[in-house]
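Open the model in your viewer and keep the selection panel at hand. The stops below go from single residue pairs to the contact between chains.

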Amino acid sequence: MLIHRTEQERRAGVAAWVARGLEQGAKIVYVETAEQSSDRPLMEVLQDQSVPAEDAVASGQLEVLTPEEVACESRLEELVGRALAGGYPCFRVGGEVATAQTVMSRDDHVELERVVERLCHDWPMGALCQYTEAEVRTVLPTATALHRDGIRHPQLQTMRRPDGIALAGEVDLCDHLVLCSALIAATSSAAASAAGSVVVDLSRLEFLDVSGGRALLRGTAEYRRNGGQVRLRSPQPAVDRLLDLLAMDREPGFTVEEASA
Amino acid sequence: MTAQVEAITPGRYSHDVLLHDNDAQLVAGMKPFVELGLASGGQVLVHSTEARVTMLREVLGTHPRLTYGLDCELYHAPSSTLFAYQRVFEDSPEPLEMWATGTVPLGDTETEHAAWGRYESAVNEVLRPYAFHGLCSYDTQALPPHVIAAAKASHPHVTAGTERWMSHEYAEPAAFLVDPLAAVPGAPVGEPDVAVEVSCVAELPGVRRLLSRFALPDGVSRQAAEGLVAATHEALANALQHGGLPVRVELWAGPARLTCRVTDHGRGVPDLLAGYRHPRRGGSTGLWAARQLCENVFIGDLPGGGASVLLSTA
(Lines give C-alpha, C1' and ligand atoms only; values in the text may rest on other atoms or scores of the structure.)
Protein backbone atom coordinates (compact mmCIF):
# COMPACT_ATOMS: atom_id res chain seq x y z
CA MET A 1 0.00 0.00 0.00
CA LEU A 2 1.43 3.34 -0.94
CA ILE A 3 -0.26 6.45 0.33
CA HIS A 4 1.07 9.61 -1.16
CA ARG A 5 0.32 13.27 -0.79
CA THR A 6 2.30 14.53 -3.71
CA GLU A 7 3.26 13.18 -7.10
CA GLN A 8 6.90 13.25 -6.00
CA GLU A 9 6.15 10.95 -3.09
CA ARG A 10 4.26 8.59 -5.38
CA ARG A 11 7.10 8.42 -7.87
CA ALA A 12 9.67 7.72 -5.17
CA GLY A 13 7.48 4.99 -3.68
CA VAL A 14 6.68 3.27 -6.98
CA ALA A 15 10.27 3.34 -8.14
CA ALA A 16 11.45 1.81 -4.87
CA TRP A 17 8.83 -0.92 -5.17
CA VAL A 18 9.84 -1.76 -8.76
CA ALA A 19 13.53 -1.69 -7.82
CA ARG A 20 12.98 -4.17 -5.00
CA GLY A 21 10.95 -6.39 -7.31
CA LEU A 22 13.68 -6.35 -9.93
CA GLU A 23 16.24 -7.24 -7.26
CA GLN A 24 14.13 -10.20 -6.22
CA GLY A 25 13.83 -11.35 -9.82
CA ALA A 26 10.07 -11.02 -9.58
CA LYS A 27 7.73 -10.78 -12.56
CA ILE A 28 6.29 -7.29 -12.36
CA VAL A 29 3.03 -6.22 -13.95
CA TYR A 30 2.21 -2.54 -13.73
CA VAL A 31 -1.30 -1.42 -14.60
CA GLU A 32 -1.66 1.94 -16.33
CA THR A 33 -4.59 3.65 -17.99
CA ALA A 34 -4.13 5.39 -21.31
CA GLU A 35 -4.27 8.72 -19.49
CA GLN A 36 -1.48 7.68 -17.13
CA SER A 37 0.63 6.36 -19.96
CA SER A 38 0.58 9.74 -21.62
CA ASP A 39 0.82 11.82 -18.46
CA ARG A 40 3.13 9.92 -16.12
CA PRO A 41 4.21 6.63 -17.65
CA LEU A 42 5.99 4.17 -15.41
CA MET A 43 9.04 3.99 -17.64
CA GLU A 44 9.54 7.72 -17.33
CA VAL A 45 9.15 7.56 -13.58
CA LEU A 46 11.75 4.79 -13.39
CA GLN A 47 14.19 6.70 -15.55
CA ASP A 48 13.62 9.82 -13.49
CA GLN A 49 14.30 7.90 -10.25
CA SER A 50 17.36 6.15 -11.69
CA VAL A 51 15.92 2.64 -11.72
CA PRO A 52 17.36 0.86 -14.78
CA ALA A 53 14.53 -1.14 -16.29
CA GLU A 54 15.12 -1.38 -20.04
CA ASP A 55 16.54 -4.91 -19.80
CA ALA A 56 13.65 -6.01 -17.63
CA VAL A 57 11.18 -4.73 -20.21
CA ALA A 58 13.07 -6.39 -23.05
CA SER A 59 13.10 -9.75 -21.27
CA GLY A 60 9.46 -9.48 -20.26
CA GLN A 61 10.21 -9.33 -16.51
CA LEU A 62 8.54 -5.92 -16.33
CA GLU A 63 5.30 -5.48 -18.22
CA VAL A 64 2.95 -2.52 -18.39
CA LEU A 65 -0.67 -3.44 -19.10
CA THR A 66 -3.98 -1.61 -19.25
CA PRO A 67 -6.71 -2.20 -16.67
CA GLU A 68 -8.83 -3.95 -19.31
CA GLU A 69 -6.04 -6.46 -19.85
CA VAL A 70 -6.04 -7.53 -16.20
CA ALA A 71 -9.61 -6.73 -15.30
CA CYS A 72 -10.96 -10.17 -15.27
CA GLU A 73 -10.04 -12.65 -12.61
CA SER A 74 -8.96 -15.48 -14.79
CA ARG A 75 -6.73 -13.20 -16.80
CA LEU A 76 -4.75 -12.09 -13.76
CA GLU A 77 -4.53 -15.60 -12.41
CA GLU A 78 -3.29 -16.74 -15.79
CA LEU A 79 -0.58 -14.10 -15.76
CA VAL A 80 0.53 -15.14 -12.31
CA GLY A 81 0.48 -18.84 -13.15
CA ARG A 82 2.44 -18.35 -16.36
CA ALA A 83 5.05 -16.23 -14.64
CA LEU A 84 5.64 -18.71 -11.85
CA ALA A 85 5.69 -21.64 -14.25
CA GLY A 86 8.15 -19.71 -16.38
CA GLY A 87 10.64 -19.59 -13.52
CA TYR A 88 9.95 -16.30 -11.80
CA PRO A 89 10.11 -16.87 -8.03
CA CYS A 90 7.34 -14.38 -7.32
CA PHE A 91 4.91 -11.92 -8.86
CA ARG A 92 4.20 -8.24 -8.27
CA VAL A 93 1.30 -6.18 -9.53
CA GLY A 94 0.85 -2.47 -8.96
CA GLY A 95 -1.21 0.50 -10.02
CA GLU A 96 -2.99 3.68 -8.99
CA VAL A 97 -6.38 3.11 -7.43
CA ALA A 98 -8.10 6.34 -8.43
CA THR A 99 -7.25 6.22 -12.10
CA ALA A 100 -8.17 2.56 -12.29
CA GLN A 101 -11.58 3.66 -11.13
CA THR A 102 -11.90 6.01 -14.06
CA VAL A 103 -12.05 3.05 -16.42
CA MET A 104 -13.91 0.58 -14.31
CA SER A 105 -16.74 0.96 -11.88
CA ARG A 106 -15.97 1.23 -8.21
CA ASP A 107 -17.57 -2.14 -7.59
CA ASP A 108 -15.53 -3.76 -10.34
CA HIS A 109 -12.42 -2.29 -8.86
CA VAL A 110 -13.28 -3.54 -5.41
CA GLU A 111 -13.82 -6.94 -6.98
CA LEU A 112 -10.43 -6.76 -8.66
CA GLU A 113 -8.82 -5.88 -5.34
CA ARG A 114 -10.52 -8.89 -3.81
CA VAL A 115 -9.09 -11.07 -6.56
CA VAL A 116 -5.65 -9.63 -6.07
CA GLU A 117 -5.91 -10.23 -2.36
CA ARG A 118 -6.92 -13.84 -2.82
CA LEU A 119 -4.11 -14.41 -5.27
CA CYS A 120 -1.64 -12.79 -2.88
CA HIS A 121 -2.84 -15.15 -0.21
CA ASP A 122 -2.47 -18.24 -2.39
CA TRP A 123 0.61 -17.41 -4.43
CA PRO A 124 4.01 -15.83 -3.78
CA MET A 125 2.77 -12.47 -4.82
CA GLY A 126 2.69 -8.88 -3.70
CA ALA A 127 0.57 -5.93 -4.75
CA LEU A 128 1.14 -2.19 -4.66
CA CYS A 129 -2.04 -0.16 -4.45
CA GLN A 130 -1.43 3.57 -4.67
CA TYR A 131 -3.79 5.94 -2.92
CA THR A 132 -3.60 9.67 -2.72
CA GLU A 133 -3.95 11.01 0.78
CA ALA A 134 -7.23 12.66 -0.23
CA GLU A 135 -8.72 9.28 -1.14
CA VAL A 136 -7.47 7.62 1.91
CA ARG A 137 -10.16 8.52 4.37
CA THR A 138 -12.97 7.27 2.16
CA VAL A 139 -11.30 4.37 0.45
CA LEU A 140 -8.76 3.09 2.91
CA PRO A 141 -11.02 1.44 5.47
CA THR A 142 -12.53 -0.74 2.73
CA ALA A 143 -9.17 -1.47 1.23
CA THR A 144 -7.69 -2.36 4.59
CA ALA A 145 -10.56 -4.64 5.37
CA LEU A 146 -9.95 -6.32 2.04
CA HIS A 147 -6.32 -6.97 2.88
CA ARG A 148 -7.36 -9.69 5.23
CA ASP A 149 -4.04 -10.91 6.42
CA GLY A 150 -2.46 -7.56 6.77
CA ILE A 151 -0.83 -4.70 4.96
CA ARG A 152 2.66 -4.48 3.62
CA HIS A 153 3.83 -0.91 3.31
CA PRO A 154 7.46 -0.05 2.51
CA GLN A 155 7.90 0.93 6.14
CA LEU A 156 5.20 -0.80 8.10
CA GLN A 157 3.73 -4.28 8.14
CA THR A 158 0.58 -5.10 9.99
CA MET A 159 -0.37 -8.68 10.68
CA ARG A 160 -3.72 -9.84 11.98
CA ARG A 161 -3.58 -12.15 14.95
CA PRO A 162 -6.38 -14.11 16.61
CA ASP A 163 -6.42 -11.66 19.52
CA GLY A 164 -5.72 -8.50 17.59
CA ILE A 165 -2.95 -7.13 15.43
CA ALA A 166 0.84 -7.04 15.35
CA LEU A 167 2.95 -4.22 13.97
CA ALA A 168 6.45 -4.39 12.55
CA GLY A 169 8.58 -1.54 11.22
CA GLU A 170 8.15 2.15 11.91
CA VAL A 171 5.18 4.50 12.19
CA ASP A 172 5.63 8.16 11.48
CA LEU A 173 4.09 10.96 9.48
CA CYS A 174 4.44 9.11 6.18
CA ASP A 175 2.49 5.97 7.11
CA HIS A 176 0.40 6.84 10.17
CA LEU A 177 -2.80 6.66 8.11
CA VAL A 178 -2.01 3.04 7.29
CA LEU A 179 -1.80 2.26 10.99
CA CYS A 180 -5.02 4.15 11.68
CA SER A 181 -6.81 2.23 9.02
CA ALA A 182 -5.40 -1.14 10.09
CA LEU A 183 -6.59 -0.47 13.64
CA ILE A 184 -10.06 0.45 12.43
CA ALA A 185 -10.17 -2.85 10.55
CA ALA A 186 -8.86 -4.86 13.49
CA THR A 187 -11.28 -3.32 15.97
CA SER A 188 -14.29 -3.53 13.65
CA SER A 189 -14.19 -7.28 13.32
CA ALA A 190 -16.79 -9.46 14.95
CA ALA A 191 -14.03 -11.16 16.91
CA ALA A 192 -12.93 -7.88 18.43
CA SER A 193 -16.47 -7.03 19.51
CA ALA A 194 -17.02 -10.43 21.01
CA ALA A 195 -13.72 -10.45 22.90
CA GLY A 196 -14.14 -6.91 24.23
CA SER A 197 -10.43 -6.32 23.98
CA VAL A 198 -7.82 -6.18 21.24
CA VAL A 199 -4.09 -6.73 21.63
CA VAL A 200 -1.76 -4.51 19.62
CA ASP A 201 1.59 -6.27 19.62
CA LEU A 202 4.33 -3.64 19.47
CA SER A 203 7.29 -5.92 20.03
CA ARG A 204 8.56 -5.44 16.49
CA LEU A 205 7.72 -1.76 16.20
CA GLU A 206 11.01 0.11 16.06
CA PHE A 207 9.79 3.69 16.01
CA LEU A 208 6.65 5.65 16.79
CA ASP A 209 6.23 9.39 16.53
CA VAL A 210 3.52 11.80 17.66
CA SER A 211 1.45 11.25 14.52
CA GLY A 212 1.68 7.50 15.17
CA GLY A 213 0.45 8.04 18.72
CA ARG A 214 -2.48 9.98 17.31
CA ALA A 215 -3.18 7.12 14.88
CA LEU A 216 -3.32 4.69 17.81
CA LEU A 217 -5.95 6.93 19.39
CA ARG A 218 -7.99 7.61 16.26
CA GLY A 219 -7.91 4.09 14.89
CA THR A 220 -9.36 2.69 18.11
CA ALA A 221 -11.57 5.61 19.16
CA GLU A 222 -14.92 4.13 18.23
CA TYR A 223 -14.02 0.71 19.65
CA ARG A 224 -13.02 2.24 22.97
CA ARG A 225 -16.06 4.51 22.99
CA ASN A 226 -18.16 1.35 22.89
CA GLY A 227 -16.30 -0.10 25.84
CA GLY A 228 -13.55 -1.99 24.01
CA GLN A 229 -10.14 -2.28 25.66
CA VAL A 230 -6.94 -1.84 23.69
CA ARG A 231 -3.85 -3.50 25.11
CA LEU A 232 -0.56 -2.14 23.81
CA ARG A 233 1.82 -5.00 24.35
CA SER A 234 5.61 -5.15 24.69
CA PRO A 235 6.64 -1.73 23.39
CA GLN A 236 10.36 -1.35 22.74
CA PRO A 237 12.08 1.21 25.03
CA ALA A 238 12.00 4.15 22.59
CA VAL A 239 8.34 3.51 21.74
CA ASP A 240 7.53 3.05 25.43
CA ARG A 241 9.12 6.41 26.12
CA LEU A 242 6.82 8.11 23.64
CA LEU A 243 3.71 6.28 24.87
CA ASP A 244 4.58 7.46 28.37
CA LEU A 245 5.14 11.02 27.20
CA LEU A 246 1.74 11.00 25.49
CA ALA A 247 0.25 9.52 28.68
CA MET A 248 -1.33 6.82 26.55
CA ASP A 249 -2.11 4.57 29.50
CA ARG A 250 -4.25 7.34 30.97
CA GLU A 251 -6.44 7.45 27.88
CA PRO A 252 -9.75 5.65 28.39
CA GLY A 253 -9.62 2.09 27.13
CA PHE A 254 -5.84 1.81 26.86
CA THR A 255 -3.39 -0.25 28.83
CA VAL A 256 0.30 -0.64 28.18
CA GLU A 257 1.65 -4.03 29.13
CA GLU A 258 5.00 -5.78 29.05
CA ALA A 259 5.58 -9.18 27.45
CA SER A 260 2.70 -11.53 27.94
CA ALA A 261 2.97 -14.42 30.34
CA MET B 1 12.43 53.21 45.91
CA THR B 2 9.11 52.50 47.56
CA ALA B 3 8.27 48.81 47.64
CA GLN B 4 4.73 48.15 46.49
CA VAL B 5 3.42 45.36 48.62
CA GLU B 6 1.35 42.89 46.59
CA ALA B 7 0.06 39.79 48.21
CA ILE B 8 0.11 36.44 46.47
CA THR B 9 -3.38 35.61 45.22
CA PRO B 10 -4.42 32.04 45.94
CA GLY B 11 -5.84 30.30 42.86
CA ARG B 12 -3.68 32.26 40.42
CA TYR B 13 -0.16 31.71 39.15
CA SER B 14 2.73 33.39 40.92
CA HIS B 15 6.49 33.04 40.67
CA ASP B 16 8.68 34.91 43.11
CA VAL B 17 12.39 35.14 43.76
CA LEU B 18 13.64 35.33 47.32
CA LEU B 19 17.10 36.85 47.65
CA HIS B 20 18.84 36.07 50.93
CA ASP B 21 22.25 36.40 52.53
CA ASN B 22 21.85 33.82 55.25
CA ASP B 23 19.60 31.10 56.64
CA ALA B 24 17.66 33.47 58.87
CA GLN B 25 16.57 35.50 55.84
CA LEU B 26 15.78 32.31 53.96
CA VAL B 27 13.48 31.15 56.73
CA ALA B 28 11.94 34.61 57.08
CA GLY B 29 11.07 34.45 53.41
CA MET B 30 9.81 30.89 53.24
CA LYS B 31 7.75 30.74 56.41
CA PRO B 32 4.98 33.18 55.39
CA PHE B 33 4.78 31.52 51.97
CA VAL B 34 4.34 28.07 53.48
CA GLU B 35 1.77 29.36 55.96
CA LEU B 36 -0.19 31.12 53.23
CA GLY B 37 -0.10 27.97 51.12
CA LEU B 38 -1.39 25.77 53.89
CA ALA B 39 -4.07 28.31 54.83
CA SER B 40 -5.29 28.39 51.23
CA GLY B 41 -5.88 24.62 51.29
CA GLY B 42 -3.19 23.88 48.73
CA GLN B 43 -0.38 21.34 48.56
CA VAL B 44 2.96 22.74 49.73
CA LEU B 45 6.35 21.44 48.69
CA VAL B 46 9.61 22.52 50.31
CA HIS B 47 12.67 21.26 48.43
CA SER B 48 16.36 21.72 48.94
CA THR B 49 19.58 19.92 49.79
CA GLU B 50 19.45 17.34 52.52
CA ALA B 51 21.11 19.64 55.04
CA ARG B 52 18.78 22.55 54.30
CA VAL B 53 15.69 20.35 54.35
CA THR B 54 16.64 19.11 57.81
CA MET B 55 17.00 22.69 59.01
CA LEU B 56 13.75 23.84 57.39
CA ARG B 57 11.78 20.90 58.73
CA GLU B 58 12.74 21.93 62.26
CA VAL B 59 11.59 25.49 61.69
CA LEU B 60 8.53 24.97 59.51
CA GLY B 61 7.22 21.82 61.13
CA THR B 62 4.98 19.20 59.62
CA HIS B 63 1.46 19.18 58.18
CA PRO B 64 -0.56 16.66 56.15
CA ARG B 65 -0.38 18.93 53.09
CA LEU B 66 3.29 19.82 53.53
CA THR B 67 5.92 17.70 51.77
CA TYR B 68 9.69 17.99 51.99
CA GLY B 69 11.66 16.93 48.91
CA LEU B 70 15.30 16.55 47.99
CA ASP B 71 16.73 18.37 44.98
CA CYS B 72 18.79 15.36 44.00
CA GLU B 73 15.55 13.42 43.56
CA LEU B 74 13.28 16.11 42.14
CA TYR B 75 15.56 18.38 40.17
CA HIS B 76 17.55 16.12 37.85
CA ALA B 77 17.56 18.20 34.72
CA PRO B 78 15.78 21.42 33.80
CA SER B 79 13.45 20.25 31.04
CA SER B 80 12.40 17.04 32.72
CA THR B 81 11.70 18.92 35.97
CA LEU B 82 9.64 21.53 34.13
CA PHE B 83 7.46 19.03 32.31
CA ALA B 84 7.13 16.87 35.43
CA TYR B 85 5.46 19.83 37.14
CA GLN B 86 3.24 20.33 34.10
CA ARG B 87 2.23 16.68 34.15
CA VAL B 88 1.29 16.83 37.84
CA PHE B 89 -1.16 19.63 37.07
CA GLU B 90 -2.50 18.08 33.87
CA ASP B 91 -2.95 14.63 35.40
CA SER B 92 -4.64 15.85 38.55
CA PRO B 93 -8.26 14.65 38.54
CA GLU B 94 -9.35 17.76 40.49
CA PRO B 95 -8.07 21.31 40.21
CA LEU B 96 -4.76 21.42 42.03
CA GLU B 97 -3.17 24.32 43.87
CA MET B 98 0.54 23.88 44.52
CA TRP B 99 2.95 26.03 46.47
CA ALA B 100 6.56 25.08 45.82
CA THR B 101 9.54 26.69 47.49
CA GLY B 102 13.21 25.90 47.62
CA THR B 103 16.59 26.44 46.09
CA VAL B 104 16.79 25.89 42.35
CA PRO B 105 19.90 23.67 42.14
CA LEU B 106 21.60 25.62 39.33
CA GLY B 107 24.42 23.11 38.92
CA ASP B 108 28.17 23.59 38.95
CA THR B 109 29.14 24.87 35.53
CA GLU B 110 28.32 27.94 33.49
CA THR B 111 26.38 25.74 31.07
CA GLU B 112 24.30 24.31 33.90
CA HIS B 113 23.68 27.77 35.43
CA ALA B 114 22.41 28.99 32.08
CA ALA B 115 20.17 25.94 31.58
CA TRP B 116 18.54 26.34 34.99
CA GLY B 117 18.25 30.08 34.38
CA ARG B 118 16.28 29.38 31.22
CA TYR B 119 14.21 26.84 33.18
CA GLU B 120 13.19 29.58 35.60
CA SER B 121 12.01 31.76 32.75
CA ALA B 122 10.23 28.91 30.99
CA VAL B 123 8.25 28.23 34.19
CA ASN B 124 6.42 31.49 33.45
CA GLU B 125 5.21 29.99 30.18
CA VAL B 126 4.72 26.36 31.11
CA LEU B 127 3.01 26.75 34.50
CA ARG B 128 1.17 30.02 33.92
CA PRO B 129 -2.18 28.28 33.23
CA TYR B 130 -2.17 26.57 36.63
CA ALA B 131 -2.65 27.55 40.28
CA PHE B 132 1.09 27.25 40.81
CA HIS B 133 2.98 29.40 43.30
CA GLY B 134 6.74 29.28 43.20
CA LEU B 135 9.15 30.86 45.63
CA CYS B 136 12.73 30.33 44.49
CA SER B 137 15.49 31.20 46.89
CA TYR B 138 18.85 32.56 45.70
CA ASP B 139 21.83 32.96 48.02
CA THR B 140 23.41 36.30 47.11
CA GLN B 141 26.57 35.37 49.01
CA ALA B 142 27.18 32.17 47.11
CA LEU B 143 26.05 33.01 43.58
CA PRO B 144 27.73 35.13 40.90
CA PRO B 145 26.05 38.44 39.93
CA HIS B 146 24.93 37.30 36.49
CA VAL B 147 22.97 34.41 38.05
CA ILE B 148 21.23 36.86 40.39
CA ALA B 149 20.54 39.16 37.45
CA ALA B 150 19.00 36.26 35.50
CA ALA B 151 16.86 35.39 38.54
CA LYS B 152 15.49 38.92 38.68
CA ALA B 153 14.73 38.75 34.96
CA SER B 154 12.97 35.40 35.21
CA HIS B 155 10.66 36.07 38.16
CA PRO B 156 7.75 38.51 37.91
CA HIS B 157 7.95 39.25 41.64
CA VAL B 158 10.70 39.69 44.21
CA THR B 159 10.13 39.02 47.87
CA ALA B 160 11.96 39.28 51.13
CA GLY B 161 9.31 37.62 53.25
CA THR B 162 6.93 40.29 54.44
CA GLU B 163 7.44 42.56 51.48
CA ARG B 164 6.76 41.67 47.89
CA TRP B 165 7.03 43.77 44.80
CA MET B 166 7.08 43.47 41.01
CA SER B 167 10.52 42.86 39.61
CA HIS B 168 11.54 45.84 37.50
CA GLU B 169 14.02 43.65 35.68
CA TYR B 170 11.44 41.00 34.77
CA ALA B 171 11.39 39.91 31.12
CA GLU B 172 8.66 37.76 29.59
CA PRO B 173 10.02 34.37 28.49
CA ALA B 174 10.13 35.22 24.77
CA ALA B 175 12.21 38.29 25.59
CA PHE B 176 14.37 36.51 28.17
CA LEU B 177 15.33 33.77 25.75
CA VAL B 178 16.84 36.21 23.26
CA ASP B 179 18.65 38.18 25.96
CA PRO B 180 22.35 37.47 26.56
CA LEU B 181 21.42 36.57 30.17
CA ALA B 182 19.76 33.43 28.81
CA ALA B 183 23.00 32.34 27.16
CA VAL B 184 21.17 30.30 24.53
CA PRO B 185 23.85 28.35 22.69
CA GLY B 186 24.31 28.66 18.96
CA ALA B 187 25.14 25.96 16.48
CA PRO B 188 28.58 24.39 16.90
CA VAL B 189 31.44 26.01 15.05
CA GLY B 190 32.64 24.05 12.05
CA GLU B 191 31.08 22.06 9.27
CA PRO B 192 28.24 19.73 10.20
CA ASP B 193 28.76 15.99 9.85
CA VAL B 194 25.39 15.66 8.15
CA ALA B 195 23.59 18.22 6.01
CA VAL B 196 20.52 17.25 3.98
CA GLU B 197 17.56 18.99 2.43
CA VAL B 198 14.16 17.39 2.86
CA SER B 199 11.03 18.12 0.86
CA CYS B 200 8.56 15.36 1.56
CA VAL B 201 7.43 13.13 4.37
CA ALA B 202 8.47 9.99 2.47
CA GLU B 203 12.05 11.02 3.17
CA LEU B 204 11.59 11.06 6.96
CA PRO B 205 12.66 7.46 7.67
CA GLY B 206 15.79 7.83 5.55
CA VAL B 207 16.76 11.00 7.39
CA ARG B 208 16.32 9.26 10.74
CA ARG B 209 18.53 6.40 9.62
CA LEU B 210 21.19 8.80 8.42
CA LEU B 211 21.17 10.79 11.65
CA SER B 212 21.28 7.60 13.73
CA ARG B 213 24.41 6.45 11.90
CA PHE B 214 26.22 9.56 13.06
CA ALA B 215 24.65 9.85 16.48
CA LEU B 216 27.35 7.89 18.28
CA PRO B 217 29.92 10.25 19.79
CA ASP B 218 31.67 9.17 22.95
CA GLY B 219 30.26 10.68 26.08
CA VAL B 220 26.67 10.72 24.85
CA SER B 221 24.36 8.07 26.26
CA ARG B 222 22.34 5.93 23.90
CA GLN B 223 19.12 7.22 25.38
CA ALA B 224 20.17 10.84 24.90
CA ALA B 225 21.21 10.12 21.30
CA GLU B 226 17.95 8.30 20.49
CA GLY B 227 15.99 11.09 22.15
CA LEU B 228 17.79 13.68 20.08
CA VAL B 229 17.09 11.86 16.80
CA ALA B 230 13.44 11.43 17.77
CA ALA B 231 13.17 15.10 18.76
CA THR B 232 14.82 16.18 15.51
CA HIS B 233 12.35 14.00 13.63
CA GLU B 234 9.45 15.80 15.33
CA ALA B 235 10.93 19.21 14.55
CA LEU B 236 11.47 18.14 10.94
CA ALA B 237 7.95 16.72 10.60
CA ASN B 238 6.61 19.98 12.02
CA ALA B 239 8.64 22.04 9.54
CA LEU B 240 7.52 19.88 6.60
CA GLN B 241 3.93 20.49 7.55
CA HIS B 242 4.07 24.15 8.52
CA GLY B 243 7.33 25.61 7.33
CA GLY B 244 8.83 26.46 3.96
CA LEU B 245 10.30 23.71 1.76
CA PRO B 246 12.93 22.44 1.48
CA VAL B 247 13.80 21.96 5.12
CA ARG B 248 17.48 21.68 6.00
CA VAL B 249 18.70 19.23 8.62
CA GLU B 250 22.23 19.33 10.02
CA LEU B 251 24.02 17.26 12.63
CA TRP B 252 27.26 17.88 14.53
CA ALA B 253 28.69 14.88 16.38
CA GLY B 254 30.82 15.32 19.47
CA PRO B 255 32.90 15.68 21.44
CA ALA B 256 30.60 14.54 24.25
CA ARG B 257 27.71 16.37 22.62
CA LEU B 258 25.29 15.82 19.78
CA THR B 259 23.60 18.76 18.08
CA CYS B 260 21.05 18.95 15.30
CA ARG B 261 19.54 21.94 13.59
CA VAL B 262 16.34 22.04 11.53
CA THR B 263 15.91 25.14 9.40
CA ASP B 264 13.19 26.30 7.07
CA HIS B 265 12.61 29.58 5.27
CA GLY B 266 8.85 29.81 5.43
CA ARG B 267 6.85 32.98 5.82
CA GLY B 268 5.58 34.09 9.17
CA VAL B 269 7.29 34.51 12.48
CA PRO B 270 7.96 31.36 14.47
CA ASP B 271 6.84 31.11 18.07
CA LEU B 272 9.98 30.84 20.18
CA LEU B 273 7.91 29.33 22.95
CA ALA B 274 6.16 26.73 20.79
CA GLY B 275 5.94 23.36 22.46
CA TYR B 276 6.03 24.59 26.06
CA ARG B 277 2.29 24.59 26.71
CA HIS B 278 0.48 21.27 27.02
CA PRO B 279 -1.10 20.26 23.68
CA ARG B 280 -4.50 20.20 25.37
CA ARG B 281 -4.13 23.96 25.68
CA GLY B 282 -3.40 24.42 22.01
CA GLY B 283 -0.15 24.33 20.12
CA SER B 284 2.16 21.81 18.63
CA THR B 285 2.24 18.30 20.05
CA GLY B 286 5.33 17.49 17.99
CA LEU B 287 7.42 20.32 19.46
CA TRP B 288 6.05 19.61 22.95
CA ALA B 289 7.27 16.04 22.56
CA ALA B 290 10.60 17.24 21.17
CA ARG B 291 11.22 19.40 24.26
CA GLN B 292 10.82 16.30 26.41
CA LEU B 293 12.72 13.86 24.24
CA CYS B 294 15.71 16.22 24.22
CA GLU B 295 16.89 18.41 27.10
CA ASN B 296 17.93 21.42 25.06
CA VAL B 297 15.61 22.63 22.32
CA PHE B 298 15.78 26.23 21.12
CA ILE B 299 13.57 27.82 18.52
CA GLY B 300 14.89 30.89 16.79
CA ASP B 301 13.77 33.07 13.96
CA LEU B 302 15.85 33.87 10.91
CA PRO B 303 16.41 37.21 9.21
CA GLY B 304 14.31 37.13 6.07
CA GLY B 305 11.75 34.75 7.49
CA GLY B 306 11.70 31.18 8.65
CA ALA B 307 12.61 29.24 11.74
CA SER B 308 15.54 27.32 13.09
CA VAL B 309 15.25 24.69 15.78
CA LEU B 310 18.47 23.80 17.56
CA LEU B 311 18.51 20.55 19.53
CA SER B 312 21.38 19.43 21.70
CA THR B 313 22.13 16.70 24.20
CA ALA B 314 24.23 19.01 26.38
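**Before you start**

This is a predicted model: local features need pLDDT of at least 70, side-chain atom pairs count only at pLDDT 80 or more, and totals for chains, interfaces and linings use all residues. Residues are numbered from 1 along each chain as its sequence is written, chains are lettered from A and ligands numbered from 1 in the order in which they are written, and side-chain values use heavy atoms, with hydrogens and water left out.

**Stop 1**

A salt bridge here is a side-chain nitrogen of Lys or Arg within 4 Å of a carboxyl oxygen of Asp or Glu. Over all chains, the count is 30 salt bridges.

Select B:Asp23 and B:Arg52. Their closest N and O atoms are 3.3 Å apart, in a salt bridge. B:Asp23 lies in helix H1 (residues 23-39) of chain B and B:Arg52 in helix H2 (residues 50-60) of chain B, so the pair ties together parts 29 residues apart in sequence. Helices (H or I, at least four residues) and strands (E, at least two) are DSSP runs, numbered from the N terminus. B:Asp23 is partly exposed, at 36% relative accessibility. The scale: buried is under 20% relative accessible area, exposed is over 50%, and partly exposed is in between (1.4 Å probe, protein chains only).

Next, select B:Glu90 and B:Arg281. This salt bridge has its closest N and O atoms 2.7 Å apart. B:Glu90 sits in helix H4 (residues 78-91) of chain B, and B:Arg281 in the loop between strand S10 (258-264) and helix H10 (285-293) of chain B, so the pair ties together parts 191 residues apart in sequence. B:Glu90 is buried at 11%, whereas B:Arg281 is partly exposed at 45%.

Now pick B:Arg261 and B:Glu250. Their side chains meet in a salt bridge, 2.9 Å from N to O. B:Arg261 is in strand S10 of chain B and B:Glu250 in strand S9 (residues 247-253) of chain B, 11 residues apart. Buried or partly exposed: which is B:Glu250? Buried, at 6% relative accessibility. B:Arg261 is partly exposed, at 24%.

**Stop 1: a network in chain A**

Select A:Glu7, A:Arg10, A:Arg11, A:Glu35, A:Asp39, A:Arg40, A:Glu44, A:Asp48 and A:Glu96. Salt bridges link these residues in a network.

**Stop 2**

**Stop 3: the A/B interface**

Show both chains. The contact (heavy atoms within 4.5 Å) takes 18 residues from chain A and 23 residues from chain B. The two chains bury about 1,900 Å² between them, 57% of it on carbon and sulfur atoms. Buried area is the accessible area (1.4 Å probe) that two parts lose on being put together, summed over both. Select A:Leu173, A:Arg241 and A:Leu245: in chain A these lose the most area to chain B, together 32% of what that side buries.

Five salt bridges cross the interface. Finish on A:Glu170 and B:Arg208, a salt bridge with its closest N and O atoms 2.4 Å apart.
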